[in-house]
Amino acid sequence: MSRPELRIATRASALARWQADHVASLLGALDPDLHISFVPVTTHADRRLDVPIAEIGGKGVFAKEVQYAVLEGRADVAVHSAKDLTATTVDGLVLAAVPERGDARDALAGVSLAALEPGAVVGTGSARRRVQLAHLRDDLRVVGLRGNIATRLGRIDDGTMDAIVVAAAALERLELTGRAAQIFAVDEMIPQVAQGALGVECRSDDEATIERLRRVEDATSRLRVDAERAFLARLGGDCDLPAGAHATVRDGALRITGVLAATPDGSPQRATVDDEATAAGAARAGTALAERLTGLVGPAD
């Protein structure tokens, strides 16, 4: 009898390969006979590092071509940073699994916030991080930043920037935690929706793969991610405003806190919503949070 096979599509960066390898190890531990291969994909966003993400296509640009590999039958599964996914799943695919979530927080590499001199240059490609940094230190010069983690850290090493903001999970997964000068508490800088989580997709009609992937799902991580994605969906699914959300689950209750600014240079507003730790509660909480925050910030200019 031939061994079962599974082809995993992934971006080719070191971080993306770590994520794909991690999902492969989870699946392999459950089924040692499973033969797993990888289908590396280089996306348009990976090739155009000179253009801001918002100009290339906004949220989802890192996922689309990986998703196409599955839709076209070149791969069976796509592994993503869940924060790269739009809130609405692409037709023909299903978000079949969210494995146990990693650290959702943001990190400052280079110099801690308190140690940065007035006018210091801090790099980030995220409008969410930009408005929250300005709220914490309005004397800093925040500039755009693209590229993989090594490229971004290189901006510190070559003196172009004094510090950069990155996902703490990315540093941990690449064994670069020593580069973090500071890990922001969630109440200091609310993370991006689904930051630190992985999203594993497959074709919606592939029942065998769906069943296989469900075995690596972490129920608590899924509730948290679903609540945060419901928040994003209510904002519009591909919201280009500075927005973030972070959900926690404890003792059967779900709490989600979010941030939203009316414009890329606006003042960040925050709110918190509580509900029950169920699928329905996660959807309600994320939706209610978005509605509360849009009411606070008003329409964008």
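The structure is a predicted model.

**Second largest pocket**
- The space in the second largest pocket amounts to about 190 Å³.
- Its lining comprises six nonpolar, two polar and five charged residues.
- Helices α1 and α7 each contribute at least two residues to this lining.

**Helix α1**
- Helix α1 covers residues 14-30, and its 17 residues should span 24 Å at 1.5 Å a residue; the end C-alpha atoms lie 25 Å apart, which agrees with that expectation.
- Leu15, Ala16, Gln19, Ala20, Val23, Ala24 and Leu27 are the buried residues of α1.
- An α-helix has 3.6 residues a turn, so residues three or four places apart point the same way.
- The elements covering the buried residues of α1 include the strands β1 (5-11), β2 (35-41), β3 (77-81) and β10 (198-203), together with the helices α7 (168-173) and α8 (207-214).

**Arginine 129**
- Arginine 129 is part of helix α5, which runs over residues 127-136.
- Arginine 129 counts as buried because its relative accessibility is 7%, under the 20% cut-off.
- Leaving aside residues up to four places away in sequence, arginine 129 touches Asp106, Thr124, Arg152, Val165, Val166, Ala167, Met189 and Gln195.

How values were computed. Residues are numbered from 1 along each chain as its sequence is written. This is a predicted model: local features need pLDDT of at least 70, side-chain atom pairs count only at pLDDT 80 or more; totals for chains, interfaces and linings use all residues. Side-chain values use heavy atoms; hydrogens and water are left out. Helices (H or I, at least four residues) and strands (E, at least two) are DSSP runs, numbered from the N terminus. The expected span of a helix is 1.5 Å times one less than its number of residues. Buried means under 20% relative accessible area, exposed over 50%, partly exposed in between (1.4 Å probe, protein chains only). Contact means heavy atoms within 4.5 Å. On a 1 Å grid over the protein atoms alone, a cavity is a set of points where a 1.4 Å probe fits but cannot get out, and a pocket is an open set with protein on both sides within 12 Å along at least five of seven lines; lining residues have an atom within 4 Å of a point. Grid points are joined across faces, edges and corners, and a volume is the space filled by probe spheres set on the points. Ala, Val, Leu, Ile, Met, Phe, Trp, Tyr, Cys and Pro count as nonpolar, Asp, Glu, Lys and Arg as charged, and the others, Gly among them, as polar.
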